[in-house]
Amino acid sequence: MELAGTSAVVTGAGNGIGRAIALALAAEGVNVAVADIEEDAAARVASEAAEHGVGSLAMRVDVVEEDHLRQLADRAWERFGSVELLFNNAGVIHPMKPLVETSASELDWCFGVNVGGVMNGIRVFGPRFVASERACWIVNTGSEHSLGVPHLQAGLYTATKHAVLGLSDVLRRELPEGVGVSVLCPGIVESTLWRATERRHEAYGGAEPGNELGAAAMALGLPAEDIAARALRGVRDEEFFIVTHPHVVEIAEERWRGAEAAFAAQAPRYDGDEQYAADNVLARLSGSA
Ligand SMILES: NC(=O)c1ccc[n+]([C@@H]2O[C@H](COP(=O)([O-])OP(=O)(O)OC[C@H]3O[C@@H](n4cnc5c(N)ncnc54)[C@H](O)[C@@H]3O)[C@@H](O)[C@H]2O)c1
């Protein structure tokens, strides 16, 4: 998809990957709406974006609140006239711990932001993109955690990022041609994700100090600017999977090898087995087969 002359909305754009995406877009001449739960950070990035001579706006948005996304869409359309790109990027990670020690409120928080926030963006912007009849694109930020299990102690986070891959894969098949979808799947990136608990809502347990191990690990990650450059290239090339860290292929392969071996041992193919394929069952029910 051609980026020149378009306008974009980026959530979680006050810091890290979202900030780098917003600034990379601005450098390409794309107008950009910078949305973040941290209002000051959003304002800083919007004024950095404006230095590229594009239109920009900053807005405090909590992606858990569908209404915030509606207001953001209204403001972006009002300011730019149209919007063609949505980066559903805001995300959080819970303190590192085994799944059995995670709490119900950590689950609600991580799923609320990482999955609910992405769905709110899709629900608000998806119908507008379809109605606009312009070429549009939605990028949902997943992770290497969308493709397998890169490391332990982040189980809820892993589950949310699998969900982002799943819903993105459905969405790309449901939307009409002209509205594309990508899932961005980075490994470790320099960012402030380790500070996620400092921004945690009262409803989910309130703020607590960030994760020092996470801070040290993320300081060793790929620069966010690299991820942003790959994200823009992915949209230009209309790729569904946007991948960034070559070693992550092993994580995806390990998942697939496990599934493949299980099928070979327990459920090998046989002639006529496709009678149970959901598509065929539904076609028989609808009388089209
Ligand atoms: N940093 C990594 O190693 C890494 C790797 C793969 C994927 N990711 C994903 O990339 C995305 C961006 O994270 P990042 O690494 O740049 O971290 P980051 O913390 O630097 O940026 C995330 C931004 O989202 C904002 N945010 C948090 N909760 C929000 C909410 N409810 N509503 C609106 N904004 C909110 C934060 O204020 C922050 O500015 C996330 O979805 C994250 O899961 C990060």
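I start with two helices: α3 passes α4 in a right-handed crossing (right-handed means that the near helix is turned clockwise from the far one by less than a right angle, left-handed anticlockwise). Helices (H or I, at least four residues) and strands (E, at least two) are DSSP runs numbered from the N terminus. This is a predicted model, with pLDDT of at least 70 required for local features and 80 or more for side-chain atom pairs, while totals for chains, interfaces and linings use all residues. Residues are numbered from 1 along each chain as its sequence is written.

Helix α3 covers residues 66-80 and helix α4 residues 104-132; their axes come within 8 Å and cross at roughly 35° (axes are fitted to C-alpha atoms, for helices over the stretch in contact, and angles between N-to-C directions run from 0 to 180 degrees). On the α3 side the contact uses Glu66, Leu69, Arg70 and Ala73, and on the α4 side Asn120, Gly121, Arg123, Val124, Phe125 and Arg128 (contact means C-beta atoms, placed from the backbone, within 7 Å). By class that contact has four nonpolar, two polar and four charged residues (Ala, Val, Leu, Ile, Met, Phe, Trp, Tyr, Cys and Pro are nonpolar; Asp, Glu, Lys and Arg charged; the others, Gly among them, polar).

Next, the sheet. Which strand order does the open sheet have? Its seven strands run β3-β2-β1-β4-β5-β6-β7, with parallel pairing (a pair needs at least two DSSP bridges). From one strand to the next, the twist averages 15°.

Consider strand β1. Five bridges pair β1 with β2 in the parallel sense, and Ser7 has Asn31 in β2 as its bridge partner. Strand β2, residues 31-36, is joined in turn to β3 by five bridges, also in parallel; there, Ala33 has Leu57 of β3 as its bridge partner. Is β1 buried or exposed? Five of its five residues are buried, so β1 is largely enclosed by the rest of the structure (buried means 20 or more other C-beta atoms within 10 Å, exposed 12 or fewer, partly exposed in between, with C-beta atoms placed from the backbone). Ser7, Val9 and Thr11 point one way from β1, and Ala8 and Val10 point the other way.

Helix α1 lies across β1 (7-11), β2, β3, β4 (85-88) and β5 (136-141), and runs at about 170° to β1. Helix α5, residues 155-174, packs on the sheet as well, touching β5 and β6 (179-185), and its direction makes about 160° with that of β6.

Helix α1, residues 16-27, also has a helix partner: its axis and that of α7, residues 224-236, come within 8 Å and cross at roughly 55°. The two are therefore oblique (under 35 degrees is roughly parallel, over 145 roughly antiparallel, 65 to 115 roughly perpendicular, the rest oblique). The crossing of α1 and α7 is right-handed. In α1 the residues involved include Ile17, Ile21 and Leu25, and in α7 they include Ile227, Ala231 and Leu232. The classes here are eleven nonpolar, one polar and two charged residues.

Why does Ala231 count as buried? Because it has 26 C-beta neighbours inside 10 Å. Leaving aside neighbours within four places in sequence, Ala231 is in contact with Ile21, Val139, Leu184 and Ile242. Its C-alpha atom is separated by 8.4 Å from that of Val243, twelve residues apart along the chain.

Terms used: Contact = placed C-beta atoms within 7 Å.
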